[in-house]
Amino acid sequence: MYSSDDYNEGGYESYGDYEPHTGDPQYDLEYDRSYYKMPDMVKKFLVYFRNMINEGVTYEILNLYEITFPKLTEQYFENTPWPDENEVAPIVDNDHVFMILYKELYYRDIYARVPGGPKPEQRFTSFYNYCDLFNYILSAETPVPLELPDQWLWELVDEFVYQFQSFAQYRSRTSKLSPAEIEALNTENKAWNVLCILNVLHSLVDKSNIKRQLEVYAAGGDPDSVAGEFGRHSLYKMLGYFSLVGLLRLHSLLGDYYQAIKVLENIELHKKSQYSHVPACQISTSYYVGFAYMMMRRYADAIRTLSSALLYMQRTKQLFSTRSYQNDQINKQTEQMYNLLAICLVLHPQCVDESIQQVLREKNYHEKMFKMQYGDLGEFESCFTFACPKFLSPCPPPIEPGSNYGRDAVKHQTQVFMDEVRQQKMLPTIRSYLKLYTTLPLAKLAAFMSAARGGERDAAREHAALAIHLLCFKHKMKNVVWTQGPSGLDGKFQSGSELDFYIDNDMIHIADTKVAHRYGDFFIRKLLKFEELNRKLHHIKI
Amino acid sequence: MAETMKQTVAGILKTIERYNPANLQTLERYVEMQSRDNTYDLEANLAVLKLYQFNPEKFNADITCQILLKALTNFPHTDFTLCKCLLLESVAENETISQIKYLADILEQCDFAQFWNRVHQMPELCSRINGFHDSIRKFVCHVVGITFQTIDKNNLANLLGGIDGMLFFTFVQ
């Protein structure tokens, strides 16, 4: 029967529509415990689901996974988790593999939906379930006979990293943990260990030969020729690919931006490829890559990555509206990307696509950018903390009640970013003056700068300070920019910002390289739309 | 010798072995080699910092300082920022590391006069890194080169840390 003790705190009231309830919660609780029967619909679903997985009918699996499962959740398990394994196993003949997959969904659903989140022991059992799954896949001597839709595989890998992140956060909230929980956490130190996670992801990458495959693919060859026995299978290949993105996320969470970008070698972000058909994966990749570039002060690269992803999303918006459970994350990540883009554009003004510009103008980003331009450090910080990934300390100390290290990782990365912003603090002011001229004597600019600051004047000192700021301007605006090659780390120094200058003797020569907006495209699009509309109007008969 | 070392390290970095603390000793020796021979390998150095991050009890302040100073020599690249992101939060209390961070900060702001001033105050720190001064001068030349069309000779000599004679001319080229 239902092991109801696990669910006492779940606060479940209703199991749906098969028997009228009395309205007395206490009574109903008793009732549910003793008489609960799994609805027939759910039973049928599970059996059918299992058959489809065993037969490898991917499109039907995708349908069941993406549409039926959430629908049944809404219908029968609105306030409760799905039935636990002891109940499901007999229905599906104790199918080992199916049970692992079922539990993956079961725990994921708990993480996502059940109020209060998973209980500590559920965190552990979910971890061991992942271990079972990856052991099954990785330790097989020949590729396992399993095929899952790519959407599922992506969400599986992503969820694995997410649950690690969630565990690390949970562990760090020491003040909210009970002594029993702390005891459990201190003895159980293997589960959700960072090395474990790295090991799994690396193993999936190695097993699938995905790096070699991508290399050949990028060179225009046939990836199957180097894939090997496992890598040719779609399951291994896609798990390998998604693990690379998982590593990107994990490295970013730990503040290792170099490895984060490096792990994506041979993946051309801006090109459509046979690997890039899961939108959520594409978006997540762009977000982390854009963020890493920003931290490396490669603003041109960050802006290019972020704006091309945002543009892609603007154009494919309709695609996302149907699947509600994926939407929240995508919306949140979109907003984070706009914030990152706003920061980058303040630090490195540059032309971006008109439709992106439009969003930045319309939403409240405009005000944020304005504040940042005027050196409001608080605004920088709040934009950053909103948009950054939830950083983790990789190796938390043994927990002692009262200690609180959880926020340190976020604080540390914020600090590094704010150091950079402080170093650039004078640049927007200088830029605003330079914009007004094509040539400007050093002494005049120095006078402007000190007038803006007020106080006593000391020409020599002002002059020296200005020279330093101008050097700094040139130094910071010359970024490494990716031009070609397999690695996103490579690049050449370029000054891609819209204003440039040089100093000849005592004169600053300024070149405003801002490109005029491409109004042509915009007008053509609107004209076509208008003509279309006109045609339709003519066809209407009253 | 140096070549084999480089190969060994590259081998370690390619696999999951990069997270194995047993390799820390090799990697640390490699850092010291870089300081001595005026070579540089960012990826290996980041791997060392990562191992410290994962194993705080193995943290070595001296090696960390060398890594950070080496990162300064690779300006205008942002290696120093990358290293900083991987430092443990607890490291903030280390006096020498704070000093190096300050050096990086003024170097980022291109306050070169101030930078040399500081460096001369702690000669033993920077002289451990072979070629440290010249690497920084190269960076100064880079920034000055992209900013100025013409510049006063004395001014430039100052920015380069008060060098004169032959040395000055090798840099001007």
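1. A definition to start: two strands pair if DSSP finds at least two bridges between them. Helices (H or I, at least four residues) and strands (E, at least two) are DSSP runs numbered from the N terminus. Here, β4(A) and strand β1 (residues 148–150) of chain B run parallel and are joined by two bridges. Within β1(B), B:F148 is the bridge partner of A:I503.

2. Some housekeeping: this is a predicted model, with local features needing pLDDT of at least 70 and side-chain atom pairs counting only at pLDDT 80 or more, while totals for chains, interfaces and linings use all residues. Residues are numbered from 1 along each chain as its sequence is written, chains are lettered from A and ligands numbered from 1 in the order in which they are written, and side-chain values use heavy atoms, with hydrogens and water left out.

3. On extent, 42 residues of chain A are in contact (heavy atoms within 4.5 Å) with 37 residues of chain B. About 3700 Å² is buried between the two chains, 63% of it from carbon and sulfur atoms; buried area is the accessible area (1.4 Å probe) that two parts lose on being put together, summed over both. In chain A, the residues losing the most area to chain B are A:Y258, A:L471 and A:H475, together 17% of what that side buries.

4. Now the charged pairs. Chains A and B share four salt bridges, each a side-chain nitrogen of Lys or Arg within 4 Å of a carboxyl oxygen of Asp or Glu. A:D419 and B:K84 meet in a salt bridge through their side chains, at 3.1 Å, N to O.

5. Which element gives the largest share of the side of chain A that touches chain B? That is α21(A), with eight residues.
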